[in-house]
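Keep the viewer open as you read.

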Amino acid sequence: MTHANRSQPIKQPAHGSLAVAWRTHIGLVRSINEDRLLVNTDHAIFAVSDGMGGHLRGDIAAQKVVDALAEVTASTDHHQTTEAIRGAIGKANADICKEALGHGVDVRMGATVSVLAVTGNRYCCLWAGDSRIYLLRDKQLSRLTSDHSVTQDLIDRKLITESQRNSHPQSSVITRAIGISSDLDIATTRGDMLPGDRFLICSDGICGILEDDEIREIMLEDTDKPAADHLVEAVINRGARDNLSFILVHNRHT
């Protein structure tokens, strides 16, 4: 199991037929990396948490999220695993709210989270905020998560288009996060995992820079490590104005 806060790729077999590659990078503008990753290959639980840069101690909030998730022991029962993850996120939310209060009523700490858990041939995604999970299947890329953000709300209401998302003045404003309120709603989606499926869990340092078509082209590469390298290179070449972090999970079962 890896708690990641440095720039380093790995590729290793995990949880039977799964292979994993990950990266986290400070980018070219920020002074600290507030992203944290959890790569738990023993229990096939993978998470990205992005500390909220506009709030104090975002890196601490993100670390509390992955620390809580690291305590989850996956069950052979898919529902039980999902509920254990939900409980861990709830615990992190309470801990972050309590710590923020200890620093004064005006101090806020927060982090996004996106979690992918695999049990047998089933997957589950849980999330709050704008860190995303993508699925590449049969060469087609789909988003398994929907951003909790001002711009996503505007897109859903057909007030702006998808192509206007990243250039919108409120593109970085999220509407849900860990540590902001004691009343936290965690979104969930589930599905069957098929041979060849490839998942990308990423912070907005990736999807806020690259369009989905660009992400798809990189994920179509045959092996995981070059895809990981090229995701980082593509964002760096665009200026990498935020921290960038991701986990690639590939079902190599045939």
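A salt bridge here is a side-chain nitrogen of Lys or Arg within 4 Å of a carboxyl oxygen of Asp or Glu. Arg 143 and Asp 212 make such a bridge, at 2.9 Å from N to O. Please bear in mind that this is a predicted model.

The bridge joins distant parts of the chain: Arg 143 sits in strand β9 (residues 140-143) and Asp 212 in helix α5 (residues 212-219), 69 residues apart. Arg 143 is partly exposed, with 27% relative accessible area, and Asp 212 is partly exposed too, at 22%. Through shared partners, salt bridges link Arg 132, Arg 143, Asp 147 and Asp 212 into one network.

The structure holds 13 salt bridges in total. Three of them are set out here.

| Salt bridge | N to O distance | Sequence separation |
|---|---|---|
| Arg 143 and Asp 212 | 2.9 Å | 69 residues |
| Arg 30 and Asp 242 | 3.3 Å | 212 residues |
| Asp 95 and Lys 91 | 2.9 Å | 4 residues |

Arg 30 lies in the loop between β3 (18-25) and β4 (35-40), while Asp 242 lies in the loop between α6 (224-237) and β12 (244-251). Arg 30 is partly exposed at 35% relative accessible area; Asp 242 has 15%, so it counts as buried, the cut-off being under 20%. Asp 95 and Lys 91, by contrast, both belong to helix α2, about one turn of the helix apart. Asp 95 is partly exposed, at 30% relative accessibility.

What about the interior? The largest nonpolar core has 27 residues, and Val 65, Leu 69, Ile 85, Ile 89, Val 115 and Ile 178 touch the most other members. At least two residues each come from β5 (45-50), α1 (58-70), α2 (78-102), β6 (113-119) and β7 (122-128). Helix α1 gives the largest share, 7 residues. Leaving aside residues up to four places away in sequence, Ile 89 touches Leu 69, Val 113, Val 115, Ile 178, Leu 184 and Ile 186. Apart from this core lies another, of 23 residues, including Ile 209 and Leu 231.

There is also 1 aromatic pair. Tyr 123 is in strand β7 and Phe 199 in strand β11 (residues 198-202), 76 residues apart. Both Tyr 123 and Phe 199 are buried.

Stepping back, the protein chain has 6 helices and 12 strands. Of its 254 residues, 52% are buried.

Notes. Residues are numbered from 1 along each chain as its sequence is written. This is a predicted model: local features need pLDDT of at least 70, side-chain atom pairs count only at pLDDT 80 or more; totals for chains, interfaces and linings use all residues. Side-chain values use heavy atoms; hydrogens and water are left out. A nonpolar core is a set of buried Ala, Val, Leu, Ile, Met, Phe, Trp, Tyr and Cys residues joined through side-chain atoms within 4.5 Å. Buried means under 20% relative accessible area, exposed over 50%, partly exposed in between (1.4 Å probe, protein chains only). Contact means heavy atoms within 4.5 Å. Rings of Phe, Tyr and Trp (its six-membered ring) pair if their centres lie within 6.5 Å; planes under 30 degrees apart count as stacked, over 60 as edge-to-face and the rest as tilted.
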